[in-house]
Amino acid sequence: MSAPSVTRPAALRRRPFRLSFPPVSGVLRPRLLLTGVLLAVGAFLLFCWGLTIGDYPVPFTDVIRALGGAGDAGTVTVVQDLRLPRALTGLLVGVAFGVSGAVFQTMTRNPLASPDMIGLTAGAGTAVVAAVVLGWTGGLGLSTVGLLGALATALLVYSLAWKGGATGYRIILVGIGVSWICTSATDFLVARGNRFEAEAALGWLVGNLNGRTWDEVNTLALALAVLLPVTLGMSRWMRTLQLGDDVAAGLGTPVQPVRLALLLAGVGLVAFGTAAAGPVAFVALACPQIAQRLAGTSSPPPLVSGFAGAFVVLGSDLLAREAIPGTELPVGIVTGALGAPVLLWLLIRANRAGSGG
């Protein structure tokens, strides 16, 4: 006599696994696309506007023609050889910082998580100041030293945060501690150095686009060409990490390998950006939040955050060059002044939501 068959409830029947996400409403996707297009167009206009400014003013229409190699030879030389490296560095640095900030904020599920807050830019700054004050460059440029400092800091933070895995909460806490250690070490080194060494170190620490060359542009462009597609390709897994490690693992996401890969990509973006222009403050913190609210998404969209970063850096550079006649401020001073209110707003918002600690 055969055993009676047991019919399992529909909710318990095994079904083939499919990774899916909630459908995007018809309002959200056009809004996200429109936000990205407007920020990209705005960044391009600021990019061209920056090329018109200098001791030899160039009309906007002549700048557009000079970018294509048209116009008189003098204008083409001024635009392409003298001003274009600075503008391109600002554009690429903004994209790198904006995308990196979106990666960290999404990965840790915390709007306060950014390379500024978890010590990456502080580590790069400490390495550069040590190289200037102590003379430990080893034949490397300051940009390369800053890159190695950011990578070493990221490795230290991830190692200290590891305990059967590295959660976003532990990465933030460990990163804040490492950031303060690096900041204290930087202050000590600046106080130990002589006047000229301190001025050289502080000029880089503030974040500056002045004097950028094609070397910085080429290195940063190559880094973005490699890291940006990798980061955007992992955006689907970034969304699952927002649901928590257990849920993400249940959806088939390899949590720790994905988190490590995202960490490396985010660190690479901010490291190369910092190496090119110094630790430009608050861009990686504020721009993903700006992009998220303009696009109306549940998390910072990486590519739109990059466009927002380019817009903010280029706009801040224009203010730095034009705010005080006869004085050219470092771009990091302007981004810091604009980003500090954003940080206060995020802290107040987190406290009201009950997640501020």
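View 1. Glu328 is partly exposed, because its relative accessible area is 42% (buried is under 20%, exposed over 50%, partly exposed in between, with a 1.4 Å probe and protein chains only). This is a predicted model, where local features need pLDDT of at least 70, side-chain atom pairs count only at pLDDT 80 or more, and totals for chains, interfaces and linings use all residues. Residues are numbered from 1 along each chain as its sequence is written, and side-chain values use heavy atoms, with hydrogens and water left out. The side chains of Glu328 and Arg86 form a salt bridge, 2.7 Å from N to O (a side-chain nitrogen of Lys or Arg within 4 Å of a carboxyl oxygen of Asp or Glu). Glu328 sits in the loop between α13 and α14 (331-352) and Arg86 in helix α3, so this pair ties together parts 242 residues apart in sequence (helices are DSSP runs of H or I, at least four residues, numbered from the N terminus).

**View 2. Arg86 meets Asp317.** Here the N to O distance of the salt bridge is 2.8 Å. Asp317 belongs to helix α13 (residues 302-322) and Arg86 to helix α3 (residues 73-108), 231 residues apart. Asp317 counts as buried, at 5% relative accessibility, and so does Arg86, at 11%. Arg86, Asp317, Arg321 and Glu328 are all linked in a salt-bridge network.

View 3. Asp62 and Arg65 both lie in α2, three residues apart, or about one turn of the helix. Their side chains meet at 3.2 Å, N to O. Arg65 is partly exposed, at 46% relative accessibility.

Methods:
Helix = DSSP H or I, 4+ residues; strand = E, 2+ residues; numbered from the N terminus.
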